[in-house]
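Let's take a look at how two protein chains meet. Have the model open as you read.

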Amino acid sequence: MAKANFATPAFRPYPLIPALQADVMKGNGPFVAKPEIQKPLGYPGELLDNWQEVALAKMGELLKKYRSLRVFLDACVKCGACTDKCHYLLGTADPKNMPVARQDLLRQVYRRYFTLGGKLFPKLVGAQDLTKEVLDDWYNYYHQCSQCRRCSVFCPYGIDTAEISMAAREIMACVGKGQKYCNEIIGKVYKIGNNLGLPEPALRDTLAGLEEDIKLDTDVDVRLPLDEAGAEILVVTPSADFFAEPHIDGLVGYAKVFHQAGISWTLSSHASEAANFGMFIGSYDNMRRIALRIREAALDLKVKRIVFGECGHAWRVAYSFLNTLAGPFDFLDQRYPIPQHICEFTYDLIQRGALKLDKSANDHRRMTFHDSCNVARASRMGNIPGGQFIIPRAIIKATCNYYYDMPADTIHDQTFCCGGGGGLLTDDLMELRVKGALPRMEALKYVVDNHGVTHMAAICAICKSQFTKVLPFYGFQLDQIVSIHQLVSDAIILK
Amino acid sequence: MTTLYAILLYVATLIFVLGLAYRIYEYASVPAPLKIPTMPAPLTRSGVVLRILSEVVLFQSLFRSNKWIWLFGVMFHLALWVVLLRHLRYFIEPVWTWVVLVQPFGKYASFFLFIGLVGLLTRRIVVERIRYISNPSDYLMLILLLVIGSSGMMMTFVKHTDIVQFKAFILSVVHLKLFHWQPLPLNAPLLIHLAAVITLMIIFPFSKLLHAPGVFFSPTRNQVDNSREQRHVARWAIEKFETSSR
């Protein structure tokens with residue numbers, strides 16, 4: 001681990017806004033991508049000699065391609081509404097982690113080169129030349145944004161720092177300063193098919209092992225098929241589901257649900273990954289290339305429907321962008337949403353009484369639910385606004401007897417990020433991840449203290465991985481985080 | 001003085017109107033290549049109109065965020081509207097009845113406008129977080145508005161100007177009586193008031209005052225949540241990726 005010398009923030013009696021501590025999180029940011037990681041993504045291997053020129057040209061190009069960027073850079077009035085809304089500000093107290101200050105790192109350069117005021121009176125309007133120091137601040141602080149969009153909820157103009165941070169990362173990748181973690185993962189997706197670099201034989205082996213486990217557990221033959229042409233449903237799920245805890249218990253849950261519903265399904269070795277890290281680095285091109293694998297897999301396997309597993313930003317890309325990037329999906333069965341979330345699928349079965357569930361199987365758990373940012377603020381489930389809040393809770397309540405929500409200002413669209421989203425789930429950012437988790441940990445502590453909550457469910461692979469890592473820092477157990485479909489898996493009575 | 005102010009008023013109006021039109025054209029012509037509404041978002045076009053109205057009229061998101069900023073912000077903006085409506089009487093002859101009815105409200109709205117601005121300025125100075133994000137222009141903008149507000153109040157409540165003569169001047173400007181303008185009353189608060197308004201109009205299209213048109217173009221607020229039902233592709237993306245395959 002790169003940095004281990006930091007103190008876990010203490011729980012505060014009231015969730016106060018911390019006094020600012022300038023530059024406490026100033027640093028070098030995460031590991032920079034090496035040339036062999038940059039190249040396959042179409043980026044220069046290392047920082048270009050004429051990086052300033054290229055960066056400004058890229059910024060100009062993005063301003064013409066993205067209305068969000070153009071409007072957001074112009075419209076901010078510095079009202080301060082967002083200043084206390086970021087979990088990283090609350091956890092670190094570094095003023096550059098205030099959303100508006102984070103945006104200003106890009107805005108100051110925009111003002112200097114693209115606005116009359118900044119060209120004529122830079123000091124007056126806070127414009128700044130694009131220097132090496134500015135670039136270093138970009139790299140450091142745009143990798144302290146998990147693109148969770150909490151600030152955008154509270155902005156009177158809907159200014160979304162995620163859009164700014166994506167643009168900044170795209171500019172940096174284009175001048176040769178890419179981030180190792182994200183870009184390495186995208187490379188693995190291109191080369192092997194998934195983030196973890198699991199090749200097809202390893203995948204097949206894992207799935208066979210899971211089938212045996214379920215058989216031992218339940219004495220029922222539940223299948224986890226791979227590359228089965230002609231199946232009704234293609235399931236695309238984060239590769240952590242094949243490998244990590246508690247994710248894998250969720251995958252077992254999906255398998256049991258499909259088994260019980262009697263609907264044929266398959267995973268694909270070509271699209272063995274739902275996550276789309278192209279979004280984190282703000283790259284339309286890479287995001288599209290990753291999304292197209294899913295289209296190809298659906299065509300190759302001749303499926304009728306596509307269902308996504310539990311993964312927050314994968315669901316955002318699927319729900320909001322898949323049709324745009326890889327559509328039209330006129331070859332699929334139009335009677336179902338394209339794509340569909342596994343929670344929508346399971347909820348539908350529960351509504352129709354098609355799943356036999358024994359809630360008491362989860363009686364040793366007193367549950368709360370962590371709304372994952374990308375699901376809560378950037379996507380939907382079901383056919384009414386806010387379905388993404390209702391459906392996961394309905395599934396938990398159908399499978400558990402004890403359920404308690406965390407405080408109202410920390411859930412639904414006001415949910416706090418786990419601290420590891422947006423391409424920050426890397427060990428070299430551990431200090432940031434632990435500190436950024438503070439607001440969520442405080443909310444969890446509230447329900448633990450007041451309602452005896454023992455477990456928190458989540459439907460995002462990154463949240464689950466992040467929590468298994470940071471929960472112990474705050475005195476919780478790493479296994480207090482569970483998948484929603486793990487609850488389904490434990491409650492379902494197979495026949 | 002009359003000539004100077006008349007010419008400045010034309011210049012300022014031209015910059016304001018053309019500058020703003022150009023900005024709006026710019027915002028409208030830059031594509032939004034991806035669906036990015038902040039959820040939960042409305043499923044229909046009319047739902048989106050309601051959402052934007054609730055932002056523009058009630059400052060809904062700001063209310064959720066911070067009650068103090070909301071209070072001062074609403075006080076200032078609403079009062080500004082009332083005051084502006086009151087000013088219509090200088091530009092039209094005969095004066096419409098409803099503009100006459102607005103007069104007393106407009107007079108006292110100026111106090112709310114003033115208090116709102118002082119509140120916003122105080123927050124900017126006193127609250128560490130907001131001070132950190134403030135540039136000189138952020139203070140100057142509030143001060144400029146305070147100058148406009150207080151010089152206007154001076155004329156209403158302290159040192160009256162020859163309002164009949166002033167209206168004659170404005171009407172001669174509006175009716176383009178070039179170089180045959182009616183003389184502008186030489187009253188210090190009025191000259192300061194006008195100069196500050198002219199300054200504001202000139203900087204409008206180049207400054208953060210663009211939040212006024214910007215709010216209508218914000219993709220996180222003005223998009224319909226229908227990405228699964230309708231494909232949403234920007235022209236540049238079609239040109240880049242889909243021309244050869246079809």
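## Charged pairs

A salt bridge here is a side-chain nitrogen of Lys or Arg within 4 Å of a carboxyl oxygen of Asp or Glu. By that rule, six of them cross the interface of chain B and chain A. One to look for joins Lys240(B) to Asp285(A), with the closest N and O atoms 2.8 Å apart.

## What you're looking at

This is a predicted model, where local features need pLDDT of at least 70, side-chain atom pairs count only at pLDDT 80 or more, and totals for chains, interfaces and linings use all residues. Residues are numbered from 1 along each chain as its sequence is written, chains are lettered from A and ligands numbered from 1 in the order in which they are written, and side-chain values use heavy atoms, with hydrogens and water left out.

## The contact

Counting contact as heavy atoms within 4.5 Å, 60 residues of chain B and 80 residues of chain A take part. On the chain B side, 29 are nonpolar (Ala, Val, Leu, Ile, Met, Phe, Trp, Tyr, Cys and Pro), 18 are charged (Asp, Glu, Lys and Arg) and 13 are polar (the others, Gly among them).

## Buried area

How much area is buried between chain B and chain A? About 5800 Å², with 57% of that coming from carbon and sulfur atoms. Buried area is the accessible area (1.4 Å probe) that two parts lose on being put together, summed over both. Arg64(B), Arg129(B) and Arg228(B) supply 14% of what chain B buries against chain A, more than any other three residues.
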